[in-house]
Each structure stands twice: as structure tokens, then as C-alpha cells.
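The sequence and the structure come first, followed by notes grouped by topic.

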Amino acid sequence: PPVMLVELFFQAACVSLFLPGGQGRVYPGRKKPASFAVERRRVGPHVCFSGFGSGCCPGWMLSPGSGQCTLPLCSFGCGSGLCIAPNLCSCPDGEQGITCPELPGTCGEYGCDLSCNHGGCQEVARVCPLGFSMVETANGIRCTDIDECLSAACEGLCVNTEGGFVCECGPGMQLSADRHSCQDTDECLATPCQHRCKNSIGSYRCSCRPGYHLHGNRHSCV
């Protein structure tokens, strides 16, 4: 019997060494402490150990070179800065935060937006206004005006404007309700002639009653 007691004592000591946290003693009729099942301990630089295995602590990942958990994770990206700790960026201006603003001008005159999804975040150029196209230049992405007159169906003259275009018609013609085609203006409605007026496409002609002749100004009758 004394030998059996020594063996039991030795087994109990071994159990207390291998259980996480060294909690080897079990009290009959009492529940285990709440911390027993969820305890995680750090046993290295950002390496966490639990009863089910070991791995990087939350917010850290393995460094490819050393194989140790030394690389911090920044879920929102650091832009022009550097990730120095989980969700903590060091920015070029000396500030620290969960992300850093992009350097001015990298997205062009319309700036950047932060586009985020389950795969992470990235800086993207803002959408160009209607009538502008996105063009990549040496200074980044810029929005340049589209010359709609290259494809516009103006019957008369097409005038390109910033973000659009307008159609214009020649003398004696006016723009139709569709804003593209031209129609004749009946100048005779404004009674420019002293006696008679005959309208024509884009123009008009004056004439006089019998016994009169047209003045040199082409409008009056003498």
C-alpha cells in the first residue's frame, strides 16, 4: 500500500505539470474554474498557446523569413504609411492611426475613395462626372472632358462644352425642339419689308407693289 500511494502522488504531480496553467487539482463535486477552458498564454513574440495547439496571437501573422509571429495586420490598409501593430499605422506626417491618407495627387485632381470589402481595402480614384472620361497620366488618374462633337448628330454646328455639347444653326435657321436638328425661321413674321415679303430657306426677299421699286436697302419701297 505505501508503494501505491507513492505512485498516485507521482501521477497527480505529472497531471499538474501538463495541464494548462498548472491547474492539476480537481475538487470533487465542484465545477472547474471558468478560466480553465479558455486560457491562452503567450509563450513567444506574439505567439499564443492554448490547450488545442499554438499559433499567432490575434492581429499578427507569420514572417516569411523567420517563421515567427512578428508581422502585424492592419485590416484597413496603411496607404502611404507602415503597419507597426495590429490596426495601427505609422504615417509619413508622424501621426498614428488605423489607416493613413494617400499622398496628395496620387489619384489626380478628383482625389481618392477608400473601397473596402471582405478582402481588405484599397484606394481608388473617384468616379468622373458625366461627360468626362478617366485618363491615366504621369501625375495619376485625371478626369478629362469628352469631345461629344466627335459623335454628336448636330444638323448644324456642334459646339463642345465642359461636360457636354450644344448644337447651333446658321443664319435664318433655328434649333428644333429635339435640340439637334435645324428648321427654317420665317423672317417675314417680323415684317422686315415695307410692302411684300417672301420667305425662303434660311433667308427672305422683299418686293414692292406695282408702281414702286425696291430701295437700295433691299427693304423699303420708293
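L73 is located in the loop that links strand 5 (69-72) and strand 6 (82-85), where strands are DSSP runs of E with at least two residues and helices are runs of H or I with at least four, numbered from the N terminus. This is a predicted model, in which local features need pLDDT of at least 70, side-chain atom pairs count only at pLDDT 80 or more, and totals for chains, interfaces and linings use all residues. Residues are numbered from 1 along each chain as its sequence is written, and side-chain values use heavy atoms, leaving out hydrogens and water.

- L73 counts as partly exposed because its relative accessibility is 36%, a class lying between buried (under 20% relative accessible area) and exposed (over 50%), with a 1.4 Å probe and protein chains only.

**Overall make-up**
- The protein contains 2 helices and 18 strands.
- Of its 222 residues, 18% count as buried.

- Strand 13 (residues 157-161) pairs with strand 14 (residues 164-168) in the antiparallel sense over 5 bridges; pairing requires at least two bridges found by DSSP.
- F165 in strand 14 is the bridge partner of N160.
- The hairpin has 2 residues between its strands, and G163 takes a positive phi near 90° there.

**Annotated span**
- An unreviewed UniProt entry gives the annotation "domain: EGF-like" for residues 184-218; such annotations may be inferred rather than shown by experiment, and positions follow the numbering used here, with feature names shortened.
- Residues 184-218 are 0% helix and 31% strand, and their end C-alpha atoms lie 21 Å apart.
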